[in-house]
Amino acid sequence: MRDVSFGQYYPTGSVIHRLDPRAKIIFMLIYMVIIFFVASYCGYALVALFLFTVTAVAKIPIKTLFKSVKAILVLMIFTAVINIFFYHEGKVLVDWWIIEITLGGIDFAIKMALRISLLVMGTSLLSFTTTPVELTDAIESLLHPLTYIKVPVHDIALIMSIALRFIPGLMDETDKIMMAQKARGAEIDTGGLVKKIKAMLPVLIPLFVSAIRRADELADALDARCYNASKHRTKMKVLKFGVKDAVATLIVLVFATLILLDKYLLGGLDGYIVEFVKGLAG
Amino acid sequence: MRIEVKDLAFTYSPGTPFAKRALDGIDLSIEEGDFVGILGHTGSGKSTFILHLNGLIKLQSGSIDVFDIKLVPDKKNKQDLRKLRGTVGMVFQYPEYQLFEDTVEKDVAFGPKNLGLSQEKVDRRVERAIRLVGLDFEDIRGRAPFELSGGQKRRVAIAGIIAMQPRVLVLDEPTAGLDPYGKEQILELITRLKKECSPTVIVISHDVDEITRFASRIVVFNDGKVAFDLPMNELFRRSEELAAMGLEIPRAVRIADKLRARGIDLGDVVNADDLVRAIVRKFDKNNMDETDIAKLSAAQFDFGSDEAFGGAGGEA
Ligand SMILES: Nc1ncnc2c1ncn2[C@@H]1O[C@H](COP(=O)(O)OP(=O)(O)OP(=O)(O)O)[C@@H](O)[C@H]1O
Ligand SMILES: [Mg+2]
């Protein structure tokens, strides 16, 4: 279990989990690009609706999704504050000393924060629903055309998957060594910086020794089986683009089109709504 | 003085899809001076349990009392933890992987130093510990741990714990990955350590034959619970239940069972010593005394290898 639990994979076996990982990576790219084309709050609402629907279909608790934003909350607040202070357009709301806050600034800051959080939640959703191994397989497959210009895609993929394979093992090892040294009275997380670094040595040295040993053993094992990352290798799990992937593609394309329509045809739906409300009021 | 564990439960990664209940309502009390063997198939929670004894994982529910150092959930007391680590010495599986200093002497000194002892005291303890594990102190003190053999490394690692002079010694699979000779030596070492250093010993083992050799009490873990907790000589009357839990039955017991099936009843037999004794009692016409019997059992019944099993079965 721990082999896949590294990273953020959240297994529920939903249809989203079972989609072709290549398709998911491409959807991800489309999603990332399209977020920068969103022109109105209605657009953001649509992106959020899309994201939350996918999350629900993937059976991932919305709380888990929000947790991924928590990690970058500081960054978000920082950019928002910067934007409020340095973006000077539109109606001035506050003008005091060197500080000038405008309606445009606030508007821009909110949109930026929305953009960042939707971006982060989207990428997290990919890692919640796709194992690292699937991701490397998909990347290898997507990069395949590059072999024609002599890029060693197979080697790169092998390196990636070995690295991924090693991370959980090393994390386990770190845990164990830390416990062993704590049992010998080591105080690993107290004191100042120098003391902390010194205290890490009893953990780092055995960890490096074990990492090198593991790498050596793996290299020997690969050699002993005459492994080489040639392109003639076959896969145990062949990636397949099926009906559900086609349906998903269609949905993503409709979503992208709606966002683009909002920007280029309507120039942002918000304006119309504001006009409409004004019309009602006046 | 005793170790008292009450209603201990533990779940790895709680609240995620990977949640795994490793311990489920453990009640156990271990008296000072006990020699406890912990048995159980892989994943039954043995390691998780002993980590608790040293405060190495945060208590989730239940309570632990080690020689009047009390641990309860949601309370972290640095002082207590430090005292606990001086009281319970923990030898992990493959302890040689924790060596890190450039000389054996320095590595063994790491533990006692962390206890805040004076240099003089540390030196004394280091020397004593290295001698106690059966290594040549003068020869080995200046050598790098990484250039030693596997068995030597393991001894050095054990010395590193012994040097802290814990009152309770806990060992997790101390013989894993050693050859039969190395195993034998470590087992002897454990018996010696119990006598000369830490009066209370808890050993985890997969190998039933190993555990029956020294432990006076056996605790069997099954699926995060204590399935049995009995003096050793009673446990193996329950060989069927053991087998149902996927555990091996000691060779001596199997031999005695087979003999019983053929009409030769040797009474209660748990390990090689018992078996030899019972056989001699039954068939001896020369009236051997205790020392003769001890010699016999040491010489002929090396239960470390499968040949010995075949040989012993044949002879009997
Ligand atoms: N760090 C961890 N994270 C998640 N689950 C774990 C972790 N360590 C152990 N487990 C799980 O907890 C359960 C008990 O593990 P534990 O290591 O205590 O078993 P054990 O009896 O020592 O087994 P073994 O004889 O193989 O050493 C197992 O199912 C294991 O998969
Ligand atoms: Mg274990």
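At what angle do helix 9 and helix 10 of chain A pack, and how far apart are their axes? The two helices pack at about 145°, with axes 10 Å apart. Here, axes are lines fitted to C-alpha atoms, for helices over the stretch in contact, and angles run from 0 to 180 degrees between N-to-C directions.

A word on the model before the views. This is a predicted model, in which local features need pLDDT of at least 70 and side-chain atom pairs count only at pLDDT 80 or more, while totals for chains, interfaces and linings use all residues. Residues are numbered from 1 along each chain as its sequence is written, chains are lettered from A and ligands numbered from 1 in the order in which they are written, and side-chain values use heavy atoms, with hydrogens and water left out.

**View 1. Helix 9 against helix 10 in chain A.** The crossing of these two helices in chain A is right-handed (left-handed if the near helix is turned anticlockwise from the far one by less than a right angle, right-handed if clockwise). On the helix 9 side of chain A, the residues in contact include Ile162(A), Phe166(A), Gly169(A), Leu170(A) and Glu173(A). Their partners in helix 10 of chain A include Pro202(A), Val203(A), Pro206(A), Leu207(A) and Arg213(A). Contact means heavy atoms within 4.5 Å. Sorted by class, the contact of helix 9 with helix 10 in chain A has 13 nonpolar, four polar and three charged residues. For that sorting, Ala, Val, Leu, Ile, Met, Phe, Trp, Tyr, Cys and Pro count as nonpolar, Asp, Glu, Lys and Arg as charged, and the others, Gly among them, as polar.

**View 2. Helix 10 of chain A, end to end.** Helix 10 of chain A covers residues 193–224, which is 32 residues. From first C-alpha to last, helix 10 of chain A reaches 45 Å, close to the 46 Å expected at 1.5 Å a residue (the expected span is 1.5 Å times one less than the number of residues). Helices (H or I, at least four residues) and strands (E, at least two) are DSSP runs, numbered from the N terminus. Look for the kink of about 40° at Leu201(A), shortly before the proline Pro202(A); the bend at a residue is the angle between axes fitted to the seven residues ending there and the seven starting there. After helix 10 of chain A comes Cys226(A), with a positive phi near 55°.

**View 3. The buried residues of helix 10 of chain A.** Ala199(A), Pro202(A), Val203(A), Pro206(A), Leu207(A) and Ser210(A) are buried in this helix. Buried means under 20% relative accessible area, exposed over 50%, and partly exposed in between (1.4 Å probe, protein chains only). Part of the cover comes from helix 9 (153–183) of chain A, together with helix 3 (104–114) of chain B.

**View 4. Asp107(B), in contact with both chains.** Asp107(B) sits in helix 3 of chain B. With a relative accessible area of 1%, Asp107(B) is buried. Leaving aside neighbours within four places in sequence, Asp107(B) is in contact with Arg184(A), Leu99(B), Phe100(B) and Glu101(B).

**View 5. Gln8(A) and its partners.** Gln8(A) is in the loop between helix 1 (2–5) and helix 2 (15–18) of chain A. Gln8(A) counts as partly exposed because its relative accessibility is 39%. Not counting residues up to four places away in sequence, Gln8(A) touches Ser124(A), Ser127(A) and Phe128(A). Gln8(A) and Phe128(A) are 120 residues apart in sequence, yet 5.3 Å apart in space, C-alpha to C-alpha.

**View 6. Two loop residues with positive phi.** Lys150(A) isn't a glycine, but its phi is positive, about 70°. Lys150(A) belongs to the loop between helix 8 (132–142) and helix 9 of chain A, and at 75% relative accessibility Lys150(A) counts as exposed. Glu173(B) also isn't a glycine, and its positive phi is near 45°. You'll find Glu173(B) in the loop between strand 7 (168–172) and helix 7 (180–196) of chain B. At 11% relative accessibility, Glu173(B) counts as buried.

**View 7. Ile190(B) in helix 7 of chain B.** Ile190(B) lies in helix 7 of chain B and is buried, with a relative accessible area of 1%. Apart from residues up to four places away in sequence, Ile190(B) touches Phe35(B), Leu171(B), Pro174(B), Val201(B) and Val203(B). Between Ile190(B) and Val133(B) there are 9.0 Å in space, C-alpha to C-alpha, and the two are 57 residues apart in sequence.
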